Amino acid sequence: MPGVRRQPLVLLWLLSACTGAAETPDPRPVPVRRVLFVGNSLTYVNDLPSVVTAVAASAGIRLETGTSAGPNLALIDHLDGQTDALARLATQHWDWVVLQQGPTTIGLCRDSLLLWAREFGARIRARGGKPALLMTWPAKSSPEHFDDVRLSFQSAAAAADGIFLPAGEAWRLALAGAAGAPLYARDGFHPAPAGTYLAALVVVERLTGRDPRTFPVTGVVNGVPARLSPATVRLLQESAHAANERWPAGRPGPLAALGNTSHASPPGGRC
């Protein structure tokens, strides 16, 4: 896949064993819904799409996922042909297309996000899909930017006539519940496996309506039991649900009320 860096799946969350009387299997096939992820390293580190598939499967939901991603890409880069995102939109059916770029706080980065989310949204809807904007998270050293990140992605979801996925807000809630929650990788920006799992919970609940608090609390990382206690897993599940409850999927208030986008963007690389 041109322009795409993938890493092996490092996180699978599996259904724990159940006890009690066996139930009669339902002979009806489970419908498959398809989700394309368009983004950068915040998507492909830990392979978020595959984690979404695994988390959904643990709850008996079939989500088939695909990825168009590359390092340091913003949405405009996908539209400029640096990945195969447009080709996959044109030739394959996707029920949802999840759009992701960096934290994108204020200024030109926010303006660009809104503009190109709108362009992507039109293309996605023309093919019968629904756009979704994945709110990312600020660097570990800049927690004061959580509100700015949320406002940017809420605005972009509205501009694209799409769905808002408040993964960053779930991170904030989890960190408030346990300051040592292992969400960040060592670089203080990319997700650790637990951070990817938390983002996946937000996505699965919002796209399917299934409450993640009902999901299994056992996990496996590369075939080895996850180094997360059941209490930590439960905290992440509760944080995902609380974020989805607090921040609706649909359109927020008028975009003009979401912040002044005329300021210069903060330094620190791509949007």
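Which residue lies over the face of Trp94? Arg34 does, at 4.0 Å from the ring centre. A charge counts as over a ring if NZ of Lys or CZ of Arg is within 6 Å of the ring centre and within 35 degrees of the ring normal. Arg150 is placed over the face of Trp247, again with 4.0 Å to the ring centre.

The model is predicted: local features need pLDDT of at least 70, side-chain atom pairs count only at pLDDT 80 or more, and totals for chains, interfaces and linings use all residues. Residues are numbered from 1 along each chain as its sequence is written, and side-chain values use heavy atoms, with hydrogens and water left out.

Rings of Phe, Tyr and Trp (its six-membered ring) pair if their centres lie within 6.5 Å; planes under 30 degrees apart count as stacked, over 60 as edge-to-face and the rest as tilted. Trp137 and Trp171 are stacked, because their ring centres lie 4.0 Å apart with planes at 5°. Trp137 sits in the loop between β4 (130–134) and α6 (146–159), and Trp171 in helix α7 (residues 167–177), so this pair ties together parts 34 residues apart in sequence. Helices (H or I, at least four residues) and strands (E, at least two) are DSSP runs, numbered from the N terminus.

Trp171 and Tyr184 are edge-to-face, because their centres are 4.8 Å apart and their planes at 85°. Tyr184 belongs to the loop between α7 and α8 (193–208), so its pairing with Trp171 of helix α7 ties together parts 13 residues apart in sequence. Trp137, Trp171 and Tyr184 form one aromatic cluster.

Trp137 and Trp171 are both buried (under 20% relative accessible area; exposed is over 50%, partly exposed in between; 1.4 Å probe, protein chains only). Trp171 has 0% relative accessibility. Tyr184 is buried too, at 12%.
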